[in-house]
Amino acid sequence: MTPLRVFLVVLFGILVMLQTFSLPGQFAHMAEESPDMAYLRWPMTAVAVFWVLCVQVVIVATWKLLTLVKHDRIFSDAALRWVDAIVWAIIAAWAVLVGVFLYVGFSASDPGLPLLLFLMVVGVAALGLLMVVMRALLRQATTLRTDMEAVI
């Protein structure tokens, strides 16, 4: 569990750097290089920072779930709330991704980027549905454990 926690801390730190320095700087540079597309600087920055925020929510929720596992409290309502946070972060990121896909799809002259975005929409939807299934399994296991404790 320690290697996963180290990975989560490093990933979270990298994401904070992306949010504060890299993404805004990248989109500012793109606006300077392509003045005809400069109007997209702030919307693209906001969307990218939002997606990073969604990933950060997943990281924090994963950390909390690891803590619940460590304290043998994973089969509790608290765990379900953290899984819900993961599901809602994925739903929010997916909804914005669908919006980006539709915007790009209707304005693109080349099918490459819309196809890539469509693949991402399907992939994030699959991830979200997988988390919904995992949540249902956690709920069943929690109920089963509660019933077993009541019998004993």
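This is a predicted model: local features need pLDDT of at least 70, side-chain atom pairs count only at pLDDT 80 or more; totals for chains, interfaces and linings use all residues.
Which residues in helix 2 meet which residues in helix 3?

## Helix 2 against helix 3

On the helix 2 side, the residues are Val47, Phe50, Trp51, Cys54, Val57, Val58, Val60, Ala61, Thr62, Lys64, Leu65 and Leu68. In helix 3 they meet Ala78, Ala79, Trp82, Val83, Ala85, Ile86, Ala89, Ala92, Ala93, Val96, Leu97 and Val100. Sorted by class, the residues of this contact are 22 nonpolar, 1 polar and 1 charged.

Helix 2 covers residues 41-70 and helix 3 covers residues 77-107. Their axes come within 9 Å and cross at roughly 165°. An angle over 145 degrees counts as roughly antiparallel, so helix 2 and helix 3 are roughly antiparallel to each other. The crossing of helix 2 and helix 3 is left-handed.

## Helix 3 against helix 4

Helix 4 spans residues 112-151. Helix 3 and helix 4 pack with their axes 9 Å apart, at an angle of about 165°. Helix 3 and helix 4 are therefore roughly antiparallel to each other. Helix 3 passes helix 4 in a left-handed crossing. The contact of helix 3 with helix 4 contains 24 nonpolar, 2 polar and 3 charged residues.

## Salt bridges between parts of the chain

Side chains of opposite charge can pair when their charged atoms come close. The whole structure has 3 salt bridges.

One of them joins the side chains of Arg145 and Asp72, at 3.0 Å from N to O. Arg145 is in helix 4 and Asp72 is in the loop between helix 2 and helix 3, so this pair ties together parts that are 73 residues apart in sequence. Arg145 has a relative accessible area of 26% and is partly exposed.

Arg135 and Asp84 also meet in a salt bridge through their side chains, at 2.3 Å from N to O. This pair links distant parts of the chain, with Arg135 in helix 4 and Asp84 in helix 3, 51 residues apart. Asp84 is partly exposed, at 23% relative accessibility.

Glu149 forms a salt bridge with Arg145, and their closest N and O atoms are 3.5 Å apart. Because Glu149 and Arg145 are 4 residues apart in helix 4, about one helical turn separates them. Glu149 counts as exposed, at 52% relative accessibility.

Which residues do salt bridges with shared partners join into one network? They are Asp72, Arg145 and Glu149. Arg145 pairs with Asp72 and with Glu149.

Note on methods. Residues are numbered from 1 along each chain as its sequence is written. Side-chain values use heavy atoms; hydrogens and water are left out. Axes are lines fitted to C-alpha atoms, for helices over the stretch in contact, and angles run from 0 to 180 degrees between N-to-C directions. Helices (H or I, at least four residues) and strands (E, at least two) are DSSP runs, numbered from the N terminus. Angles under 35 degrees count as roughly parallel, over 145 as roughly antiparallel, 65 to 115 as roughly perpendicular and the rest as oblique. A crossing is left-handed if the near helix is turned anticlockwise from the far one by less than a right angle, and right-handed if clockwise. Contact means heavy atoms within 4.5 Å. Ala, Val, Leu, Ile, Met, Phe, Trp, Tyr, Cys and Pro count as nonpolar, Asp, Glu, Lys and Arg as charged, and the others, Gly among them, as polar. A salt bridge is a side-chain nitrogen of Lys or Arg within 4 Å of a carboxyl oxygen of Asp or Glu. Buried means under 20% relative accessible area, exposed over 50%, partly exposed in between (1.4 Å probe, protein chains only).
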